[in-house]
Amino acid sequence: MDDHEPNTVKDLLVQLKDASELMVDLAYAAVFFNDAKLADEVEELEEEMAGYLRRLRQVAMLAARSPEDAEGMAGVLWIADAIEKIGDAASDIGRVVAARLGIPDALRPDLRHADEISGRVKVRADAPAIGRTLRDLSIPTETGMWLMAIRTGTEWDFDPGPDDVVSEGDVLLFRGPEDGVNLIRELAGAPPLPEAPESDSPPLSELDRAVDIMVELKDSAEAAVGLAYSSLLFNNRALAAQVGAIEARSDILHDELESWVLRAAPEARNPDELRGLLRIASATEAICDAARDMTWYVEQGVPLHPVVQLALEETEETSAETVAQRGAPADGKSLKELRVETENGMLVIAVQRGQRWIYRPRHGFVLLQDGRLISVGPEEGEEELQALCGVPAAAVTD
């Protein structure tokens, strides 16, 4: 992924975290597009992760020169094992596509109801993005979209960097909020997607309900992972407890989905599609379990090695903690009005009001003074979000 081979505990943790998150993104995108190539890339990333894990274990053992060092490295390896489980679960999702299972084609549009959706667009002639670097385009802060990969000809680049230049004919694979899709399509010179026609929706079938539960599971898993990393970065037991609540909810959702799938069997044309739903749900629940494992040290109040925080501060997506101030632009405004994702590229994964945490707040959620936000996104988006919340610029850099 980087031009140099990582050889320190910190660098290896950075590579493991970034690889595992990319695997999850690509695995769900492979299901969304029924794309075997994307599923293959998930498998290749899993092999890379295995190499990073072997090297991390070697380096950790060599670094432990005292009982105190060994105790610190044990926490690092615990987190690495949890990250490995996330990667394994993503690989299981990708194998659903390789096994030609997936989900019913007619229900793929239901995935658009997820908090974040995946999409792809081909760069047309005379597109505004042609000849510009990703740094210059600032796609995350300008559109709210995170660029997962670029295909040039038949070759995919699954680690696009700030100096990569967009060319005519490139295919951009992205994820982010639905209201950012047309913004990135505009950069690529593509026409906006038409709005869905308004019509009376037919009654939900058993299969519809199963897919709705799967979407909630996916959102829960992504929230759990984001909150788990944030709990490690901020050493926050309340966030770790919230991860535990999400994991418990995922168990209930998995049980509900199994029940709905069994009820849906008579209406399904292809039983393999139902098997695909069950496999994806099982792997998604495993991601929640791994996120819960990751927070064990924080929950128990056991200090983690400082290298963990250093590694999390250097990953591709940063976690940010912000408190909305009285009279700030964000005070009394909804996330939709503030356009946090599309304007700043930051995804709010949790908000604390008093002693209560709300995870994955919807677009209609209103921010109030003293509300504490946990968000993830590009570094350049953090300062803009802080400004919305009325935090002085000096406080961002302190």
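## A tour from ring to helix

Select W296 to start: at 36% relative accessibility, W296 counts as partly exposed (that label covers what lies between buried, under 20% relative accessible area, and exposed, over 50%, using a 1.4 Å probe and protein chains only). Before you click on, know that this is a predicted model, where local features need pLDDT of at least 70 and side-chain atom pairs count only at pLDDT 80 or more, while totals for chains, interfaces and linings use all residues. Residues are numbered from 1 along each chain as its sequence is written, and side-chain values use heavy atoms, leaving out hydrogens and water.

**Stop one: the rings.** Rings of Phe, Tyr and Trp (its six-membered ring) pair if their centres lie within 6.5 Å; planes under 30 degrees apart are stacked, over 60 edge-to-face, and the rest tilted. That rule gives three aromatic pairs here. Now select W78 and Y297: the ring centres are 6.1 Å apart and the planes meet at 65°, so this pair is edge-to-face. It joins distant parts of the chain, 219 residues apart, with W78 in helix α3 (residues 67–98) and Y297 in helix α10 (residues 296–300). (Helices here are DSSP runs of H or I, at least four residues, numbered from the N terminus.)

Is Y297 buried or exposed? Y297 is buried, at 11% relative accessibility, while W78 is partly exposed at 35%. Together, ring pairs tie W78, W296 and Y297 into a cluster.

**Stop two: charges over rings.** Here the rule is NZ of Lys or CZ of Arg within 6 Å of the ring centre and within 35 degrees of the ring normal. Pick K218, which lies over the face of Y28, 5.2 Å from the ring centre. Then try R263: its charged end sits over the ring of W260, 4.7 Å from the centre.

**Stop three: helix α1.** Select residues 9–33. Helix α1 has 25 residues and reaches 36 Å from first C-alpha to last, close to the 36 Å expected at 1.5 Å a residue (1.5 Å times one less than the number of residues). Of those 25 residues, 23 are buried, so α1 is largely enclosed by the rest of the structure.

**Last stop: a helix pair.** Show α2 (residues 36–63) with α3. Their axes come within 9 Å and cross at roughly 170° (axes are lines fitted to C-alpha atoms over the stretch in contact, with angles from 0 to 180 degrees between N-to-C directions). The two helices are therefore roughly antiparallel, a label for angles over 145 degrees.

Key:
Angles under 35 degrees count as roughly parallel, over 145 as roughly antiparallel, 65 to 115 as roughly perpendicular and the rest as oblique.
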